[in-house]
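Have the 3D view open as you read.

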Amino acid sequence: SIDGKKIRLTGFMHPSSSARASYFILVKDNQQCCFGPGAYPYHNVRVQMEEGKKAEFTTRPITVEGEFRVEPWLGPDGDVWAVFYLTAESAR
């Protein structure tokens, strides 16, 4: 199992209202992903940057590195919107 291990993932930042984010959703593609109701929970990774760190928003692929966990996240509709969580030490 990779739960609790340090890993590196590459994907796309889900658009947010912030140019510099300490928290964002990483999605597998940039085809205006089906994030939210109806999305596959295993296509989304919640990324929390380590304290004091931020990631610059980009429409290009981004690679994040940090501790990976399986941690289901419920959306406001009560459905699971993501099952993966990453505490990132870097995002580039």
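A salt bridge here is a side-chain nitrogen of Lys or Arg within 4 Å of a carboxyl oxygen of Asp or Glu. Arg20 and Glu56 make one, with their closest N and O atoms 2.5 Å apart. That pair links distant parts of the chain, since Arg20 belongs to strand S2 (residues 20–21) and Glu56 to strand S5 (residues 55–56), 36 residues apart. Arg20 counts as partly exposed at 43% relative accessibility, and Glu56 counts as partly exposed too, at 45%. Keep in mind that this is a predicted model.

How many salt bridges does the structure hold? There are eight. Three of them are set out here.

| Salt bridge | Closest N and O atoms |
|---|---|
| Arg20 and Glu56 | 2.5 Å |
| Arg8 and Glu65 | 3.5 Å |
| Lys6 and Glu65 | 3.6 Å |

**The barrel**

Five strands close into a barrel, in the order S1-S3-S4-S7-S6, with mixed pairing. From one strand to the next, the twist averages 55 degrees. On one side, S6 pairs with strand S1 (residues 6–13) in the antiparallel sense, over six bridges. S6 also runs antiparallel to strand S7 (residues 80–91), and nine bridges join the two. One of the residues to look up there is Val70, whose bridge partner in S7 is Phe84. The hairpin of S6 and S7 has five residues between the strands, and in it Gly78 takes a positive phi near 90 degrees.

Glu65 lies in strand S6, which covers residues 62–74. Is Glu65 buried or exposed? Its relative accessibility is 13%, so Glu65 counts as buried, the cut-off for buried being under 20%.

Arg8 stands opposite Glu65 in S6, and a polar contact of 3.5 Å joins their side chains. The two also form a salt bridge. Because Arg8 is in strand S1 and Glu65 in strand S6, this pair ties together parts that are 57 residues apart in sequence. Glu65 forms a salt bridge with Lys6 too. With Lys6 in strand S1 and Glu65 in strand S6, that pair ties together parts 59 residues apart in sequence.

**Out to Arg92**

Arg92 sits in the segment after S7. Arg92 is exposed, with a relative accessible area of 65%. Not counting residues up to four places away in sequence, Arg92 touches Ile62, Thr63 and Glu65. A polar contact of 3.5 Å joins the side chains of Arg92 and Ser90. Arg92 and Pro61 are 31 residues apart in sequence, yet 8.6 Å apart in space, C-alpha to C-alpha.

To tie this up, which residues are linked in a network of salt bridges? Lys6, Arg8, Glu65, Glu89 and Arg92 are.

Methods
Residues numbered from 1 in each chain as written. Predicted model: local features only at pLDDT ≥ 70, side-chain atom pairs only at ≥ 80, totals over all residues. Heavy atoms only, no water. Helix = DSSP H or I, 4+ residues; strand = E, 2+ residues; numbered from the N terminus. Buried < 20%, exposed > 50% of the residue type's maximum accessible area, 1.4 Å probe, protein only. Polar contact = N/O pair within 3.5 Å; in protein donor to acceptor, adjacent residues only side chain to side chain. Pairing = 2+ DSSP bridges. Axes fitted to C-alpha atoms, helices over the stretch in contact; angles between N-to-C directions. Contact = heavy atoms within 4.5 Å.
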